[in-house]
Each structure stands twice: as C-alpha cells, then as structure tokens.
Amino acid sequence: VAVRAEAGAGGGINPTIRKEEEKVVDTVLTGELAKPLTAYCRCWRSGTFPLCDGAHVKHNKATGDNVGPLLVKK
Ligand code: FES
C-alpha cells in the first residue's frame, strides 16, 4: 500500500498538533453524552483537533491529497 503524506517535522504525518505529547490519544464518549453527528479530523491540520474544522480542504488543494474527517453518528 502506498502512503502519501505531507512530511511534518522529522518526516511524520503530524506537523503541529500536541507535539509535546509522546503519543496523541483521544477518548470519545458514547451513549447519552454523544452528539447526533461529530466530525473527527484525520488530516492532522485541524485547529480544533481532534475535531475537524475544515482544514483538510486547504490541505487537499495544496497537496492533491484526498483526506477527510471521520464522521461519527449517534
Ligand atoms: Fe482534518 Fe477535516 S480538518 S479532516
């Protein structure tokens, strides 16, 4: 499988998000606390990570990539 990614610092996929952490892990609550629809970022460019803020559109235009959010529906 070919993997195309815009290189961040050190060649990683994550250019800026929570770089002080050894591993970026987020927990999503399900059940009564869940919203009807939530979009989670998979491009690592969102200013509201782990939520999608639409930054993938700019990234895709700049790189020719085709990434988009993970949609979680209740
Ligand atoms: Fe990253 Fe939308 S901002 S997937």
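What share of the contacts in the chain with a separation of 6 or more is accounted for by residues 24 or more positions apart? Such residues account for 51% of these contacts, where a contact means heavy atoms within 4.5 Å. The model is a predicted one, in which local features need pLDDT of at least 70 and side-chain atom pairs count only at pLDDT 80 or more, while totals for chains, interfaces and linings use all residues. Residues are numbered from 1 along each chain as its sequence is written, and side-chain values use heavy atoms, with hydrogens and water left out.

The chain contains one helix and two strands, and from the N terminus its elements follow the order β-α-β. Helices (H or I, at least four residues) and strands (E, at least two) are DSSP runs, numbered from the N terminus. Strand β1 covers 37–40 and strand β2 covers 70–73, while helix α1 comprises residues 55–63. Of the 74 residues in the chain, 19% are buried; buried means under 20% relative accessible area, exposed over 50%, and partly exposed in between, with a 1.4 Å probe and protein chains only.

Confidence is expressed as pLDDT, the predictor's confidence in each residue, from 0 to 100. The average over the chain is 87, and 86% of the residues score at least 70. Over residues 1–5 the pLDDT is below 50, and this stretch has three contacts in the model beyond near neighbours in sequence. Among the elements, helix α1 has the highest confidence, with a mean of 97, and β2 the lowest, with a mean of 92.

Strand β1 may be followed through one of its residues, A39. Leaving aside neighbours within four places in sequence, A39 is in contact with P50, L51, C52, P69, L70 and L71. The C-alpha atoms of A39 and K73 are separated by 8.8 Å, although the two residues are 34 apart along the chain. A39 counts as partly exposed because its relative accessible area is 24%.

P50, one of the contacts of A39, lies in the loop between β1 and α1. The peptide bond that leads from F49 to P50 is cis, with omega near 15°. W44 is also placed in the loop between β1 and α1, and its phi is near 65°, a positive value in a residue other than glycine. A positive phi, of about 45°, is found in R18 as well, which is not a glycine. R18 belongs to the segment before β1 and is partly exposed because its relative accessibility is 23%.

How many aromatic pairs does the count give? The rule joins rings of Phe, Tyr and Trp (its six-membered ring) if their centres lie within 6.5 Å; planes under 30 degrees apart count as stacked, over 60 as edge-to-face and the rest as tilted. The count comes to one aromatic pair. W44 and F49 form this pair, which is stacked, at 4.7 Å centre to centre and 25° between the planes. F49 counts as buried because its relative accessibility is 16%.

Rolling a probe the size of a water molecule over the atoms shows where empty space is left. On a 1 Å grid over the protein atoms alone, a cavity is a set of points where a 1.4 Å probe fits but cannot get out, and a pocket is an open set with protein on both sides within 12 Å along at least five of seven lines; lining residues have an atom within 4 Å of a point. Grid points are joined across faces, edges and corners, and a volume is the space filled by probe spheres set on the points.

The largest pocket has a volume of about 190 Å³. Its lining includes V28, L29, T30, Y40 and K73, and β1 and β2 each supply at least two of the lining residues. By class, seven are nonpolar, two polar and three charged; Ala, Val, Leu, Ile, Met, Phe, Trp, Tyr, Cys and Pro count as nonpolar, Asp, Glu, Lys and Arg as charged, and the others, Gly among them, as polar.

The second largest pocket holds about 160 Å³ of space. W44, F49 and P50 are among its lining residues, as are V28 and Y40. This lining has eight nonpolar, no polar and two charged residues.

The structure also holds one cavity of 30 Å³ or more. The largest cavity has a volume of about 50 Å³ and is lined by 13 residues, of which C41, R42, C43, C52 and H56 lie nearest its centre. Its lining divides into seven nonpolar, four polar and two charged residues.
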